[in-house]
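Let's go through this one by asking how we know what we say. Have a look at the model first.

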Amino acid sequence: MPENDAGGARTIFTDTGIRRALMRIAHEILERNEDPTNLYLVAIPNGGVPLARQLAANLREIASSEPEVGVLDTTLYRDDLATRSERPALRETVMPAEVDDRIVVLVDDVVKTGRTIRAAMDALMDFGRPRAVQLVGLVDRGHRELPIKIDFVGKNLPTSPGEHVRLLGATGGADGPLEIVVLPEGQSLESARQGGSEAKARTMLGGAA
Amino acid sequence: MIGNDLLGIEDLEREDIQRILDTAVHMAEVSEREVKKVPTLRGRTIVNLFFESSTRTRASFEIAGKRLSADVVNFSPATSSLKKAESILDTARTLDAMDPDCVVVRHAVAGVPKRIAEVLDAPVVNAGDGAHEHPTQALLDLFTVQQEKGRLDGLSIAIVGDILHSRVARSNIYGFTKMGAEVRVAAPPPMIPPSIESLGVKASSSLREALDGADVVMALRIQSERLAGSYIPSIREYANTFGIDRAKLAYAKDDAIVMHPGPVNRGVELSHDLTDDRPSVILDQVRNGVAVRMAVLYLLTGRRPRAVAAPDEGGLVT
């Protein structure tokens, strides 16, 4: 795999690789669920969103039935809010269809501890009662802290817990190239990109204690 | 203390305001769900400490707290108009001993929320103090304008009415000017504080001048019982000169919106039809008040100091 230039970010999944994995996963989803019209893809932002859109397009291509795509922010359901001194920024939630009796396929880019998935399932249940919930994880890092299993995996990636694994291209336009990169311990995507300059001074509400 | 409380818009940076407004966008979405509740502040206690009576603001904070799953307790000490500072602080200390995670304070005297914040461990949110500030009202006004106009920067805001006694006006002047809008105020001269232009606003005793080209017309409530005869000759004369109706609204831009912090004295600050119909957005302001207060409570409530957040490093967790 090519080394990314900036600050030691290492690409481990290229755009081509990701798109192949998403095509395979689309086939696997159809293999497992006979009625494609009952599928409802629910993306966990930000990384899950472009992946879910691509999966929906793949499903339309294969089964000539494109499932709805929802976006479900898990921040307000996180289990670490009580112990953090800073409040994470909220992200968009858009659920265009009813959840009741649907086969909901949660889509996330990187699954590690499983805590985000737990939060997503709790959030989902507040929207209704799906017939089943399945999970797509483009990258499975291991290090699970909850009994959560990925139904459709793009790639297993053994990493050390301190490393960061990020999907790039996730926040831009829908059709931009995607890649998964690994950042060394203690390095954020911003610092890798900006050559280590940390974000601006903390503001009042942003920087407690 | 700074950073833990919301005492006034004057203390906030533009980025802080933007962060609250961005958070409120997502809180508004929660309020549109069938289950209008998220578990975010489960197990947290929010105390509404209202020394001055208020139905609307208190209900708004109460709903906001409950939508975030906090337990909300309303505490309204008997309100004789002049309480000694000690007894207020005693009340605050008593409350503090019950370990609230956030205290929302309203008081008729400016500065009381700040004094209470100095003795409490919990974050304090000012829900209106005298003629000083009413920060969450300004935030919901900013949010509503942002929603209607898609921006704040470069807009012209006309605030009409009793600027002198209005905490809503002060907080909005700070808020809108920090966000890059231009603010004009219009009122009978006795209701314009002499130093108001030092806040970066243009004051005028001509409604027409203040409304000329305005994107937003905000009318303030006239406390009729208190003011008639001293600050203004009569309510009727005030209504004739400064009350907004469709004819006077024509001075403003064609797509100008009309706001009011409520409750409206119909036929005084606003004509009947303007109170109920577009372009007034009064009920949107009320709805957005819940979202903005959810955002404030989310950002302030129950954040733990770092020492407690890392239990391995010390014996602070008991």
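Q: Which residue in strand 6 of chain A stands opposite A:Val136?
A: A:Phe152 does. A quick note before going on: this is a predicted model, where local features need pLDDT of at least 70, side-chain atom pairs count only at pLDDT 80 or more, and totals for chains, interfaces and linings use all residues. Residues are numbered from 1 along each chain as its sequence is written, chains are lettered from A and ligands numbered from 1 in the order in which they are written, and side-chain values use heavy atoms, leaving out hydrogens and water.

Q: How do you know that strand 5 and strand 6 of chain A pair?
A: Strands are DSSP runs of E, at least two residues long, numbered from the N terminus. Two of them pair if DSSP finds at least two bridges between them. Strand 5 (residues 132-140) and strand 6 of chain A have four bridges, in the parallel sense, so they pair.

Q: What makes strand 3 (68-71) and strand 6 (152-156) of chain A edge strands?
A: The open sheet runs in the order 3-2-4-5-6, with parallel pairing. Strands 3 and 6 of chain A each have a single partner strand, so one side of each lacks a neighbour in the sheet.

Q: Why is the link between B:Arg287 and B:Asp284 called a salt bridge?
A: The term needs a side-chain nitrogen of Lys or Arg within 4 Å of a carboxyl oxygen of Asp or Glu. Here N to O is 3.3 Å, so the pair qualifies. Between domain 1 and domain 2 of chain B, the count is two salt bridges.
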